[in-house]
Amino acid sequence: MTQSARPNSQAGAVILLIEDDTQIRRFLRTTLTSSGYRLIESTSGQDGLHQVSTQHPDLIILDLGLPDIDGLEVTEQLRAWTSTPIIVLSARDKEGDKVRALDLGADDYLTKPFGTEELLARIRVSLRHMQQTLWIETPVYAFDNVRVDLEHRRVYVDEGEVHLTPIEYKLLTTLIRFAGRVVTQRQLLKEIWGPTYEKETHYLRIYMGQLRHKLEADPAQPRFLITEPGVGYRLKVDE
Ligand code: CA
């Protein structure tokens, strides 16, 4: 598939942009409407919440620094009743906020300033994730030169079977479940080891290292088991 910015079956999806910055709104308006999306704009947290409940967008792009209630609060309120994908926009110096937003249930993030291709790719992944129940319906998941037989719990690199420990396998399948999207350290720790292990980030470093060693051609330069510094990990998949 090409890296084209043209939309496919997602054309016409309604995106709600909650952002008080005029320039960023203008940039996103141009980018998103020329890519075939329908855009609704909101400039405050309260109004954004109102727009979600009345307009039912397919995806929400949410700035974390809003003039009334902040984006974290908006994320928390939204996640109490809707699973509409949320991509948060964060300032570079607010690293902690985007991690909190992800832990509160946001789907992905972009750090300002961000590029058009990056934005459109994140939108495609998030919208597609909503449309698919891939996890349940796909017995074999393949990416790069890796093939994971979810039904029989077997993993292959090229044609050779690779033996993963139960924890390595759980780590891999959790990343597959969120394929293309970031998963925070806390989400992974909670998912794999349980809620009392949310701070044991060294576990992740160790097991991610082992997984890369078994799956990546060059574990020091991973092609698909990607670290998002200070945030978590992402399984990079083809568009
Ligand atoms: Ca702002």
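Trainee: Which residues touch the most other members in the largest nonpolar core?
Mentor: F143, V148, L172, L215 and L235 do, out of 29 residues in that core. Keep in mind that this is a predicted model.

Trainee: OK. Which helices and strands supply at least two residues each?
Mentor: On the strand side, β6, β7, β8 and β12 (232-235). On the helix side, α7, α8 (185-192) and α9.

Trainee: And where does the largest share come from?
Mentor: From α7, with five residues of this core.

Trainee: How many residues are in the second core?
Mentor: The second core has 23 residues and is separate. Among them are L49, I69, V182 and V231.

Trainee: Switching to the sheet. What is the strand order?
Mentor: It goes β6-β7-β8-β9. The four strands make an open sheet, and the pairing is antiparallel.

Trainee: How far are neighbouring strands turned against each other?
Mentor: By 25 degrees on average, with direction ignored.

Trainee: How many bridges join β8 to β9?
Mentor: Three, with β8 covering residues 154-157. The two strands run antiparallel.

Trainee: Now the helices. Which strands does α7 touch?
Mentor: Helix α7 (residues 166-177) packs on the sheet and touches β6, β7 (146-149) and β8. Its direction makes about 100 degrees with that of β7.

Trainee: And where does α9 lie?
Mentor: Helix α9 (residues 201-215) lies across β7, β8 and β9. It runs at about 55 degrees to β8.

Trainee: Let's zoom out. How is the chain divided?
Mentor: Into domain 1 (14-134) and domain 2 (140-235). Their C-alpha centres lie 26 Å apart.

Trainee: How many residues does the contact take from each?
Mentor: It takes 13 residues from domain 1 and 15 residues from domain 2.

Trainee: What area do the domains bury between them?
Mentor: Domain 1 and domain 2 bury about 1200 Å². Of that, 52% is on carbon and sulfur atoms.

Notes:
Residues numbered from 1 in each chain as written. Predicted model: local features only at pLDDT ≥ 70, side-chain atom pairs only at ≥ 80, totals over all residues. Heavy atoms only, no water. Pairing = 2+ DSSP bridges. Axes fitted to C-alpha atoms, helices over the stretch in contact; angles between N-to-C directions. Contact = heavy atoms within 4.5 Å. Core = buried A, V, L, I, M, F, W, Y, C linked by side-chain atoms within 4.5 Å. Buried < 20%, exposed > 50% of the residue type's maximum accessible area, 1.4 Å probe, protein only. Domains from an automatic or database assignment. Buried area = accessible area lost by both parts, 1.4 Å probe.
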